[in-house]
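Biologist: I am new to this structure. Can you show me how to read a helix and a few salt bridges?

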Amino acid sequence: MGDNSRFTVLKLNSIETTKIKKIWEDSFVPIGIDRQKIPYEDMLWHIFSYKARECESGEQARNSFKDILKDNLYSFYLFHQYKNTGYIIDNKFRAFSFDDLSQFITDLETADIYITDEQFNWTFVLTHEDGWLGPYFCKRHR
């Protein structure tokens with residue numbers, strides 16, 4: 001991936017990716033969630049599909065993410081659920097688009113994509129169940 005004329009992709013190491021996932025969980029998983037009823041460790045996005053966390057879904061979620069990309073966004077994190085891979089996307093030219101997500105999907109293990117801004121104020125999740133469950137867009141409540 002690396003650098004292209006529209007945006008820059010910097011691959012994170014596994015320690016950095018683990019840290020980003022932990023901050024994501026701390027930011028978006030509700031405190032006191034019953035892990036027996038909502039198996040979010042299997043798929044983090046279950047907090048949205050089981051409605052443990054309020055969010056937008058489907059086309060509304062896609063549109064909110066597309067709006068965020070056009071807005072004042074310079075960098076964001078992208079990580080996968082099952083592979084301990086993560087990236088920082090430098091979008092200073094606001095050129096990253098929804099269609100660019102396809103380059104991060106290479107197999108079923110990379111089909112669940114989590115994206116968040118550097119302050120973890122919002123998240124967009126594209127699931128391997130796209131069209132049935134997800135995508136999801138959520139803003140963190142302060």
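This is a predicted model: local features need pLDDT of at least 70, side-chain atom pairs count only at pLDDT 80 or more; totals for chains, interfaces and linings use all residues.

Biologist: Which residues does helix α1 cover, and how far does α1 reach?

Modeller: Helix α1 runs over residues 14-28. From first C-alpha to last, α1 reaches 21 Å, close to the 21 Å expected. At the start of α1, a side-chain oxygen of Asn 13 comes to within 3.0 Å of the backbone nitrogen of Ile 15.

Biologist: Which residues of α1 are buried?

Modeller: Thr 17, Ile 20, Lys 21, Trp 24, Ser 27 and Phe 28. Seen down the axis of α1, the buried residues fall within an arc of 130°, so they line one face. Ile 15, Lys 19 and Asp 26, on the other side, are exposed.

Biologist: How many salt bridges are there?

Modeller: The count comes to 5. Start with the general idea. An α-helix has 3.6 residues a turn, so residues three or four places apart point the same way. Now the case here. Arg 62 and Glu 59 are 3 residues apart in helix α3. They form a salt bridge, with the closest N and O atoms 3.8 Å apart. Arg 62 is buried at 15% relative accessible area, while Glu 59 is partly exposed at 47%.

Biologist: Where do Asp 107 and Lys 83 lie?

Modeller: Their side chains meet in a salt bridge at 3.5 Å, N to O. This pair links distant parts of the chain, 24 residues apart. Asp 107 is in the loop between β4 and β5. Lys 83 is in the loop between β3 and β4. Asp 107 is partly exposed at 31% relative accessibility, and Lys 83 is partly exposed at 28%.

Terms used. Residues are numbered from 1 along each chain as its sequence is written. Side-chain values use heavy atoms; hydrogens and water are left out. Helices (H or I, at least four residues) and strands (E, at least two) are DSSP runs, numbered from the N terminus. The expected span of a helix is 1.5 Å times one less than its number of residues. Buried means under 20% relative accessible area, exposed over 50%, partly exposed in between (1.4 Å probe, protein chains only). The arc is that of the directions from the helix axis to the C-beta atoms. A polar contact is a pair of N or O atoms within 3.5 Å; within protein, one must be able to donate a hydrogen and the other to accept it, and residues adjacent in sequence count only if both atoms are side-chain atoms. A salt bridge is a side-chain nitrogen of Lys or Arg within 4 Å of a carboxyl oxygen of Asp or Glu.
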